[in-house]
Amino acid sequence: MPPESPDPRQHVSRRSFLKGAGGVAAAGGALGAAKAFAAAPTTERLSGTVEIELLVNGEPRKVKVEPRTTLLNALRNHCEPPVTGPKLVCDRGSCGACTVLLEGQPVYSCMQLAVDCTGRAVTTVEGLAVDGKLSTVQEAFVAHDALMCGFCTPGFVVSISACLQKNPKATREELQQACSGNFCRCGTYPRVFEAALDAGRKLQGGR
Ligand code: FES
Ligand code: FES
């Protein structure tokens with residue numbers, strides 16, 4: 001079994017981070033923090049390995065996980081075949097590369113425990129395409145060449161898709177707010193938001 005989120009670059013363990021996470025959320029108050037702590041914690045005491053069923057992109061997926069396993073880890077390392085659209089970058093709720101929809105709401109999958117997601121609809125960037133056809137937002141990212149290394153891209157596509165699903169007329173500022181928990185180290189923000197606005201126009205019926 002792969003290790004739980006190794007990060008040799010950092011000297012902060014997941015355990016110590018989670019202990020301090022409440023303080024970070026209170027201090028930050030950003031949308032990203034809201035994403036990170038969207039799930040209700042389980043009250044059941046769990047230990048060892050448990051088998052749970054996740055509903056990923058409309059398909060039930062049985063996985064064996066430890067109670068500490070994150071949704072991101074479960075998707076990438078415990079599902080067979082793996083679900084690799086959500087990316088592991090910071091693994092501590094600060095970059096947004098792992099963003100998925102949980103019951104339609106964007107969340108950081110690295111900050112959700114997989115056991116808390118049992119039976120709840122998880123949509124990853126893969127699930128936005130329908131019958132192999134890219135979604136409007138995905139097509140716009142391609143048309144506007146809105147990525148460089150692409151590591152942040154699944155997170156942006158998911159956050160923008162959620163925003164436009166609620167409001168296809170979202171302004172640039174509203175789209176930027178929706179992506180306030182997503183960071184692009186390559187700096188492709190201008191193209192990302194051109195793509196997002198274009199997708200919004202197409203979703204409103206314009207071509
Ligand atoms: S990998 Fe989850 S927020 Fe960065
Ligand atoms: S395209 Fe490289 S981090 Fe965004």
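Which residue in the turn of the hairpin formed by S3 and S4 has a positive phi? The residue is Glu-103, with a phi of about 55 degrees, and the hairpin has two residues between its strands. The points below concern a predicted model and proceed from the overall layout to the sheet and then to the helices.

1. Overall layout. The chain holds seven helices and five strands. Read from the N terminus, its elements follow the order α-α-β-β-α-β-β-β-α-α-α-α. The chain has 207 residues, of which 40% count as buried. Among contacts with a separation of 6 or more, 62% are made by residues 24 or more positions apart.

2. The sheet. Five strands make up an open sheet in the order S2-S1-S5-S3-S4, and their pairing is mixed. Its edges are S2 (59–65) and S4 (105–108), each of which pairs on one side only. From one strand to the next, the twist averages 40 degrees.

3. Strand S3 and its partner S4. S3 and S4 run antiparallel and are joined by four bridges. Within this pairing, Thr-99 has Tyr-108 in S4 as its bridge partner. The two strands form the hairpin raised at the outset, with Glu-103 in the turn.

4. Strand S3 and its partner S5. S3 (residues 99–102) also pairs with S5 (residues 121–123), in the antiparallel sense and over two bridges. Leu-101 has Thr-123 of S5 as its bridge partner, while Leu-102 stands opposite Val-122 in S5.

5. Burial of S3. In a regular strand, side chains alternate between the two faces of the sheet. Both faces of S3 are covered. Thr-99 and Leu-101 are buried on one side, and Val-100 and Leu-102 are buried on the other.

6. Helices on the sheet. H3 (residues 71–78) lies across S1 (50–56), S2 and S5, and runs at about 100 degrees to S2. H5 (residues 153–166) also packs on the sheet, where it touches S3 and S4. The direction of H5 makes about 35 degrees with that of S3.

7. Helix H4 against H5. A pair of packed helices is described by the angle between their axes and the distance between the axes. The axes of H4 and H5 come within 9 Å and cross at roughly 130 degrees, an angle that makes H4 oblique to H5. The crossing is right-handed. On the H4 side the contact involves Val-137, Gln-138 and Phe-141, which meet Thr-153, Val-157, Ile-160, Ser-161 and Leu-164 in H5. By class, these residues are five nonpolar and three polar, with no charged residues.

8. Helix H4 against H7. H4 (residues 136–143) packs with H7 (residues 189–203) at an angle of about 135 degrees, their axes being 8 Å apart. H4 is therefore oblique to H7. This crossing, too, is right-handed. Thr-136, Val-137, Ala-140 and Phe-141 in H4 meet Ala-195, Asp-198, Ala-199, Lys-202 and Leu-203 in H7. The residues of this contact divide into six nonpolar, one polar and two charged.

Notes. Residues are numbered from 1 along each chain as its sequence is written. Chains are lettered from A and ligands numbered from 1 in the order in which they are written. This is a predicted model: local features need pLDDT of at least 70, side-chain atom pairs count only at pLDDT 80 or more; totals for chains, interfaces and linings use all residues. Axes are lines fitted to C-alpha atoms, for helices over the stretch in contact, and angles run from 0 to 180 degrees between N-to-C directions. Angles under 35 degrees count as roughly parallel, over 145 as roughly antiparallel, 65 to 115 as roughly perpendicular and the rest as oblique. A crossing is left-handed if the near helix is turned anticlockwise from the far one by less than a right angle, and right-handed if clockwise. Two residues are in contact if their C-beta atoms, placed from the backbone, lie within 7 Å. Ala, Val, Leu, Ile, Met, Phe, Trp, Tyr, Cys and Pro count as nonpolar, Asp, Glu, Lys and Arg as charged, and the others, Gly among them, as polar. Two strands pair if DSSP finds at least two bridges between them. A residue is buried if 20 or more other C-beta atoms lie within 10 Å of its own, exposed if 12 or fewer, and partly exposed in between; C-beta atoms are placed from the backbone.
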